[in-house]
Amino acid sequence: MSDATLPPSAAPQAQAAEPSLHRVMGPWLLLLFIVGDILGTGIYALTGQVAKQVGGVVWLPFLVAFVVAMITAFSYLELVTKYPRAAGAALYAHKAFGVHFITFIVAFAVMCSGITSASTASRAFAANMSHAFGLNLAGGIGITIVGLGFMALVAAINFRGVGESVKANVVLTCVELTGLLIVIFVGLWAIAAGQGDVSRITQFKPAGDGGLFWPVIAATTLAFFAMVGFEDSVNMAEETKDPTRTFPKILLAGLVITGVIYVLVSVSAITLVSPEQLGEGETPLLKVVAAGAPNFPIWIFGFITMFAVANSALINMLMASRLVYGMSREHVLPPVLGKVHPTRRSPYVAIGFTTLLAFALITFVGTVPALGGTTALLLLCVFTVVNIAVLMLRKDTVEHEHFRTPTILPIAGAIFCAFFAGPWTGRDPVQYKIAGILLGIGVVLWFVTVMVNRATGARPSDPMMEDIGGRGPVN
């Protein structure tokens, strides 16, 4: 039983009975955890595609995406300190609206974003392996085959059972951060040596009829994928010392740090490699290192990139399968998806279901921009709901002190997130098709479950934190 199902007066008692959950993470460890959740596939795989749309000002869409993420982070901060055990967009939606179907759609959208994110990572893994080790995989087919093999390996690890620890996250964060610091250092070294073309950072791609504004907006819809992960970090609030005071500062600091890193990586990349070259293929940062430090062993950077995106894929597929399993437990997905293997104790049917969806995305969608853009689209819709939920829950008072964001921020967050999710941004229509098909599968399964529930006398239960409120997608 979670605090989400307890009356307000009982929640503090439950927290007092579990002191081991508190005072686990100091501010520096928490900061590393947050930075690690945000860094990852997005910046490694999509820098070139952003440059392809806007030209030399590749840093600008990342900066705009950072601002939108920061505004939404304030909404998450209010909700997670107000309901410290009920972390998760689906639970916030359920508290705000109390409609099981809305709760289900939000949870299923989060699950789908994890699968599209993992599929993006699998493509990036295959492309970087091909370039770093000189495999020269044959076009899209070779990359697709390696991506499918990688996803099958992730499914096998998922089935065997993997537990994520904070210590492991610190190691993986250091690996991801090392790769990006190499890019920044190579860029700064080249600039100091008079190499590259610094003037590119102020050059827009030649404007069409829409001027300069809409290309930046379109690129931001893709760059937003690089900010995925901050919403997952709120799950560590209950394990942070004095979370109401400490956690907001650390989360915002983590966002600022990653935003600065993204801007510096973008500046280094565009200084050393032209936008046209950067936008070709799926390994933009490998090109940057090769151009700025030709004597640097490229396989080392390729290995770092593969390690970073592999970690993202595994965590996201773990999250997606557990979310499907949890929704089955809540009687909003068919009971078969809640089956657990008798010896491995893993949700093997849910793992198979989410892996098949990933296989389909890797095979029939393929390209990194389409998959990454769909991830951003789904989460922008979820963030719109979360920002609205903050306003809806203002009338719900709690007995403990909590963070309160200025009212203008959730209003602005809802408007901005809805705006960037719209077709007027120039978003590739295929992203709506992918999201629509994925959510359509969810709706079909919902109605199948309704019929099963009627036949068996079961009914959807109120969501609990351990079922659908926990982890969200990470980058």
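## Met-111 and its contacts

Leaving aside the neighbours within four places in sequence, Met-111 is in contact (heavy atoms within 4.5 Å) with Met-319, Ala-320, Leu-323, Val-324, Met-327, Phe-353 and Thr-354. The model is a predicted one, in which local features need pLDDT of at least 70 and side-chain atom pairs count only at pLDDT 80 or more, while totals for chains, interfaces and linings use all residues. Residues are numbered from 1 along each chain as its sequence is written, and side-chain values use heavy atoms, with hydrogens and water left out.

## The nonpolar core

Met-111 also belongs to the largest nonpolar core, which has 139 residues, and is listed with Tyr-76, Phe-230, Leu-255, Met-327 and Val-382 as touching the most other members. Such a core is a set of buried Ala, Val, Leu, Ile, Met, Phe, Trp, Tyr and Cys residues joined through side-chain atoms within 4.5 Å, where buried means under 20% relative accessible area, exposed over 50%, and partly exposed in between, using a 1.4 Å probe and protein chains only. Helix α6, made of residues 100-132, gives the most to this core, with 16 residues.

## The protein as a whole

The protein has 18 helices and zero strands, these being DSSP runs numbered from the N terminus (H or I with at least four residues for helices, E with at least two for strands). Of its 475 residues, 56% are buried, and among contacts with a separation of 6 or more, 83% are between residues 24 or more positions apart.

The accessible surface comes to about 18,600 Å², and carbon and sulfur atoms hold 69% of that surface; the areas come from the Shrake-Rupley method with a 1.4 Å probe, and for residues only the protein chains shown count as cover.

## A buried loop residue

Where is Thr-405 found? Thr-405 is in the loop between α15 (368-392) and α16 (408-421), and this residue is buried, with a relative accessible area of 1%. Not counting residues up to four places away in sequence, Thr-405 touches Phe-74, Glu-78, Val-390, Arg-394 and Pro-410.

## Phe-133 and the cysteines

Phe-133 has its place in the loop between α6 and α7 (139-160), and counts as partly exposed because its relative accessibility is 39%.

A search of the whole structure finds zero disulfides, a disulfide being a pair of cysteine sulfur atoms within 2.5 Å. Cys-112 counts as buried at 1% relative accessibility, whereas Cys-174 counts as partly exposed at 39%.
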